[in-house]
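Dear colleague,

Please find below the structure that I am handing over to you. A summary of the findings follows it.

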Amino acid sequence: MPIKTLLKMGDPKLFEVSEPVEKFNNPELNELIQDMLDTKEASGGVGIAAPQIGINKRIMIFGFEGSVRYPNEKPVPLTILINPEIFPLTDEKIEGWEGCLSVPGMRGMVPRFKKIKYTGFDPQGNKIEIIAENFHARMVQHECDHLDGILYPMRITDMKNFGYEDVLWEKITRVATPEV
Ligand code: NI
């Protein structure tokens, strides 16, 4: 299965609002999802959205068992989520470090809702409805933003907390995650 080229920040396709998926459970959709899975796997990312491989469809994949990129975070099951919607369950936002395969080598501190409900569909068209907190909720909000043409640097509130991974790494790994 082909590993696709990841688009990087600056590519106009990353700033587009993506179109909803209308037909489920078909070879074209399955092939696209397989490409996303392969590309996510090869890159070591915890999440990927279709626009990152140049397809402006509302499809995202996230989840990991243990991540080198996010060593402090609890595992999240691999989830393929199509046409997602997010409903904040609290007004509370928490700050946390994020990185992105489309912004290689960098990290930034981003505020996100602490607790959300998200809905969407799996590739067969079955409804998904999950309540998530902390990093799980953060990941879903980050990926969902990709479908609306938003990259995490656009949400950073203090640009002093945006920089190169190798410079920030000690700071990032020293931060205990809120749920552990
Ligand atoms: Ni990203």
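Please bear in mind that the model is predicted.

The sheet. An open sheet is formed by 3 strands in the order β4-β5-β8, with antiparallel pairing. Because β4 (93-98) and β8 (162-164) each have a single partner strand, they stand at the edges, and one side of each is left without a neighbour in the sheet. From one strand to the next, the twist averages 25°. Strand β5 (residues 106-113) is paired with β8 over 3 bridges, and M106 stands opposite Y164 in β8. Helix α3 (residues 165-174) packs on this sheet and touches β4, β5 and β8. The direction of α3 makes about 115° with that of β8.

The nonpolar cores. The largest nonpolar core has 18 residues, of which M60, F62, Y118 and M139 touch the most other members. Two or more residues come from each of β2 (59-64), β3 (76-88), β6 (115-121), β7 (127-133) and α2 (134-147). The largest share, 6 residues, is given by α2. Neighbours within four places in sequence aside, the contacts of F62 include K40, V46, L81, Y118, H136 and M139. Another core, of 12 residues, lies apart from the largest one; V21, L29, A50 and I80 are among its members.

A residue in helix α1. D35 lies in α1 (residues 27-43). With a relative accessible area of 6%, D35 counts as buried, because that value is under 20%. Beyond residues up to four places away in sequence, D35 touches P2, K4 and I53.

Yours sincerely

How values were computed:
Residues are numbered from 1 along each chain as its sequence is written. This is a predicted model: local features need pLDDT of at least 70, side-chain atom pairs count only at pLDDT 80 or more; totals for chains, interfaces and linings use all residues. Side-chain values use heavy atoms; hydrogens and water are left out. Two strands pair if DSSP finds at least two bridges between them. Helices (H or I, at least four residues) and strands (E, at least two) are DSSP runs, numbered from the N terminus. Axes are lines fitted to C-alpha atoms, for helices over the stretch in contact, and angles run from 0 to 180 degrees between N-to-C directions. Contact means heavy atoms within 4.5 Å. Buried means under 20% relative accessible area, exposed over 50%, partly exposed in between (1.4 Å probe, protein chains only). A nonpolar core is a set of buried Ala, Val, Leu, Ile, Met, Phe, Trp, Tyr and Cys residues joined through side-chain atoms within 4.5 Å.
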